[in-house]
Amino acid sequence: MNHNKNKVKEKILNFESALNLGNIEDVLSFYSDEAIFMPDGNKTLKKSQIGKSGAEFLIESNFKIQFENVKIAIDENYAFVDAIAQTSQNDKEISSKLERTSRDFFVLRKEEGDWKIFRYIFNNNVITSKL
């Protein structure tokens with residue numbers, strides 16, 4: 001079971017790197033074809049819709065993310081990951097850098113031996129507490 005936890009954690013950290021590099025094709029490769037992304041304050045997106053809005057956002061805003069306190073629960077074919085994310089992005093409207101903390105929740109599904117993001121939801125500006 002630890003082998004799968006290590007694979008899932010590696011997948012989340014590689015997803016973080018892809019987001020930070022702003023390459024939307026690489027980011028999309030982490031998602032299942034049946035993935036659903038539920039960003040805070042925005043409409044729910046299918047995988048095919050993420051690329052349309054995400055490509056410009058990642059580059060133009062210089063979006064950066066760092067997942068911390070990653071916790072993983074896993075069974076044979078699904079993994080549940082919660083983490084705290086520290087994000088930053090440039091906001092052109094106020095000519096400033098915005099920094100946020102969010103609580104992120106992933107469901108990953110094992111597909112053909114590889115872990116893929118099946119569901120991803122996050123909520124911004126959550127005060128973290130230890131559980």
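Visitor: Let's start with N62. Is N62 buried, exposed or partly exposed?

Guide: Relative accessibility comes out at 38% for N62. The cut-offs are under 20% relative accessible area for buried and over 50% for exposed, with partly exposed in between (1.4 Å probe, protein chains only). At 38%, then, N62 counts as partly exposed.

Visitor: Before we go on, what kind of model is this?

Guide: Residues are numbered from 1 along each chain as its sequence is written, and side-chain values use heavy atoms, with hydrogens and water left out. Local features need pLDDT of at least 70, side-chain atom pairs count only at pLDDT 80 or more, totals for chains, interfaces and linings use all residues, and the model itself is predicted.

Visitor: Back to N62, then. In which loop is N62 found?

Guide: N62 isn't a glycine, yet has a positive phi of about 50°. Helices (H or I, at least four residues) and strands (E, at least two) are DSSP runs, numbered from the N terminus. On that numbering, N62 is in the loop between α3 and β3.

Visitor: In what order do the six strands of the sheet stand?

Guide: Two strands pair if DSSP finds at least two bridges between them. Here the pairing is mixed and the sheet is open. The order is β2-β1-β6-β5-β4-β3.

Visitor: Which strands stand at the edges?

Guide: An edge strand here has a single partner strand, so one side of it is left without a neighbour in the sheet. That applies to residues 45–46 and 64–74, which are β2 and β3.

Visitor: What angle does the direction of helix α1 make with that of β3?

Guide: Helix α1 (residues 2–21) packs on the sheet, touching β1, β3, β4, β5 and β6, where contact means heavy atoms within 4.5 Å. Axes are lines fitted to C-alpha atoms, for helices over the stretch in contact, and angles run from 0 to 180 degrees between N-to-C directions. For α1 and β3 this gives about 160°.

Visitor: What about E112: is it buried or exposed?

Guide: E112 is found in the loop between β5 and β6, a hairpin with two residues between the strands. Phi of E112 is positive, near 50°, in a residue other than glycine. At 88% relative accessibility, E112 counts as exposed.

Visitor: How far apart in space are R109 and K97, C-alpha to C-alpha?

Guide: R109 lies in strand β5 and counts as buried at 15% relative accessibility. Beyond its neighbours within four places in sequence, its contacts include S32, E34, W115 and F118. R109 and K97 are 12 residues apart in sequence, and in space their separation is 34 Å.

Visitor: What is the volume of the largest pocket?

Guide: On a 1 Å grid over the protein atoms alone, a pocket is an open set of points where a 1.4 Å probe fits, with protein on both sides within 12 Å along at least five of seven lines; lining residues have an atom within 4 Å of a point. Grid points are joined across faces, edges and corners, and a volume is the space filled by probe spheres set on the points. For the largest pocket that is about 620 Å³.

Visitor: Which element gives the most to the lining of the largest pocket?

Guide: The lining has 26 residues, with F37, P39, N42, F57 and F122 nearest the centre. The top contribution is five residues, from α3.
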